[in-house]
Amino acid sequence: MGEILTHLLTPAVIIGILAGAVRIATPLLLAALGEMVSENSGILNLSIEGTMTLGAFAGFMAMSWYENLWMGLLMAVVSGMLFSLIMALMTVTVKVNQVVAGLALNILGIGFAFFWFRSSFQDRSSLDVPTVPTFDTADIPGLSRIPVVGEVLFSQHWLTYFAFLMVPMVWILLNKTRYGLELRSIGHNPEACDMRGINIVPRQYAAVVFGGAMAGLGGVFLSLASTGMFFPDIAAGRGWIALAIVIFGNWRASWILWGSLFFGLIDALQLSLQAKGLSLPFFGDDYQVFLALPFVFTIVALVLNRSRSRSPLSLAIPYHRGER
Amino acid sequence: MSAPPPPKQSPLWSMLMQPGAGWRFERRLYTGPVREFAAVIIAIGISVAAAGLLVAVAGAGVLEAFRGMYEGAFGTRDSALETLVQATPLIMTGLAAAIAFRASIWNIGGEGQFYAGAAGAWWVSDLLADLRPAPLLFVFMFLGAALAGALWASIASVLKAVFKTNEILTTVMLNFVMFFVLSWLLAGPWRSPNTFYYQTERMADVTFLPRFTTDSRLHWGFAIAVLTAVLVYFILRKTPLGYEIRGLGANPVASRYKGANVGVLIITVMAISGAVAGLGGAGELLGLHHRLQLDIAVGAGFTGIIIALVARLHPLGVVVAAVAFGALINGSTAVQVVTGIPAALVQVIEGMTLVFVLLAAVAARYRIVRTSVSHG
């Protein structure tokens, strides 16, 4: 225990952990913000995990074909959008139960990515994992020189800056623009919006596809910024945690930011201890306990913060015109 | 000058474009079991075609792949029996999902409950290693498994009943937690000292579930699974509890007004669901693997969800769907050997089948009707 505390109280380690938290929070933040927009239009998209996996895969494949990271990024976004288009088709147009549709697409997305990956690299043994170069971190001139803050906030990936920039952007969209306010009212009361002459279907499509693009970006961060690899469980539950963040973040962009950073912090802490090879009290070298923490904390957070005041009232309820 | 004649339009054009005239979708008041069944069959047909397309794109012979799939799944007596072996855990996880989904409780935690059950059975077998006669030991091992699965599911259901915590997310999280708990147990306290792998000691022969034949792996777990399906069908259709479960799924508000204690019902349903999944885990442990490890039937919990939905939550349909998916898993191995198409094809087919079944089920609820043409 003493060893752990000494390690954690070293300034360089603290800075490293904080910077790691910001980095690790990125995919969660991207996916959760996208999902929040989708849910605000009344569509619960449970297929985030599958969309992230597909985005990670599409980015990885595009990178290995074109050897261009931005092409990888583009392909991840496009794949996320196309995939969530299926979700929108199933839920907005055909009005399949949204929970069931989301579960189905999760399985399809992960299965499809896994199948294509195996088909492309089947002559390799499972130990010979293909890797691609990753994005470099981009120091922001000037700001990155500020002690502590610079290292934590301004020596990150472009995608991280983009994710943090999206927090106020999404907030403005949903709270300050006519389009966003109308989107939220669709999520609350589609019937009233329909009578008011607001065109519901294209807006719900747009919201779901936006969510898919953001999840695709979150996925490609994992393959082209964090690891340079693809494997079928690369999302490792992040899509589900993002869904939980939206709920206990009470559909607020700012709380979603803090929620994502919190999970980033747990993970960064764990990685730091593990990298240093420190033994845990009671559990010793069994880091499984630490790996389980984000999932335990998700449940705890869902129980502790039960404020759902911002929850869209018609979330996951399909709207049939002329029926009640 | 007379007014120009109205532009000539083809009948098809007027059919499509004239408002209020032509064809439109109309919702049926009653779909009926025949149409629902036909929709599932059509959806499976489309999925097979899509799978063929995928195989062709991946660069292999489609017919060759399909023949390999059939040969691998049903071609010989051995392969047919192995298909049933593969189907066994899927029947249990499929039933577990179907019970909960019938009540509109989204138990996605079948995977975790399945492993909780296997761990429970192993723990009891270790604890009561000297208990005889053997049937009594089996009773306790299965009880341990059912209890472990039910308890693991109860974390989510109690939170749902008391705090209204979303059970989809908690059960998904509990899957991950169970994985790490198990890998901790298998890395530390329960690990066999004689092996390099994360697994327990091989269990005593007395704990082995009997096999139907000496030359196949088909064990009594399959019979237990089919019996469970019949039992679940009976519970859902013929008992007051089944009535309340279906009522909760169909109309939770009415259930509450009727005086059903929804909280208790949620906990009961999830406990049954978790227990069934847990029994499935015990079946795999005692029938096939005989030691606890992390890869007994990986993904069975998730495949069970697909199976339940494809079977339209019907317990006996679950058995049929599980055998079909067992054949798919079993056959895909043969396909991989023959054509080089990776066995991961199974997951794509599973996902596609579910998507098409969902769409077809909605489509079956509508009919296309000719509307009367009214001018003016």
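Okay, so let me start with a term: I call a residue buried if 20 or more other C-beta atoms lie within 10 Å of its own, exposed if 12 or fewer, and partly exposed in between, with C-beta atoms placed from the backbone. By that count, buried residues make up 48% of the 324 residues in chain A.

Quick housekeeping. This is a predicted model, where local features need pLDDT of at least 70, side-chain atom pairs count only at pLDDT 80 or more, and totals for chains, interfaces and linings use all residues. Residues are numbered from 1 along each chain as its sequence is written, while chains are lettered from A and ligands numbered from 1 in the order in which they are written.

On confidence: the model scores ipTM 0.90 and pTM 0.89. pLDDT is the predictor's confidence in each residue, from 0 to 100, and its mean for chain B is 87, with 92% of residues at 70 or more.

The C-alpha trace spans about 65 × 50 × 45 Å along its principal axes. Take helix 4 of chain A, residues 69–93: its 25 residues reach 35 Å from first C-alpha to last, close to the 36 Å expected at 1.5 Å a residue, where the expected span is 1.5 Å times one less than the number of residues. After that helix comes A:Lys95, with a positive phi near 65 degrees.

Now, how do the chains meet? I say two residues are in contact if their C-beta atoms, placed from the backbone, lie within 7 Å. On that basis, 37 residues of chain B contact 37 of chain A. Helix 7 of chain B gives the largest share of the chain B side, 12 residues. By class, that side has 28 nonpolar, 8 polar and 1 charged residues; Ala, Val, Leu, Ile, Met, Phe, Trp, Tyr, Cys and Pro count as nonpolar, Asp, Glu, Lys and Arg as charged, and the others, Gly among them, as polar.

Last stop, B:Val318. Leaving out residues up to four places away in sequence, the residues B:Val318 touches include B:Ile91, B:Leu95, B:Ala229 and B:Ile307.

Key:
Helices (H or I, at least four residues) and strands (E, at least two) are DSSP runs, numbered from the N terminus.
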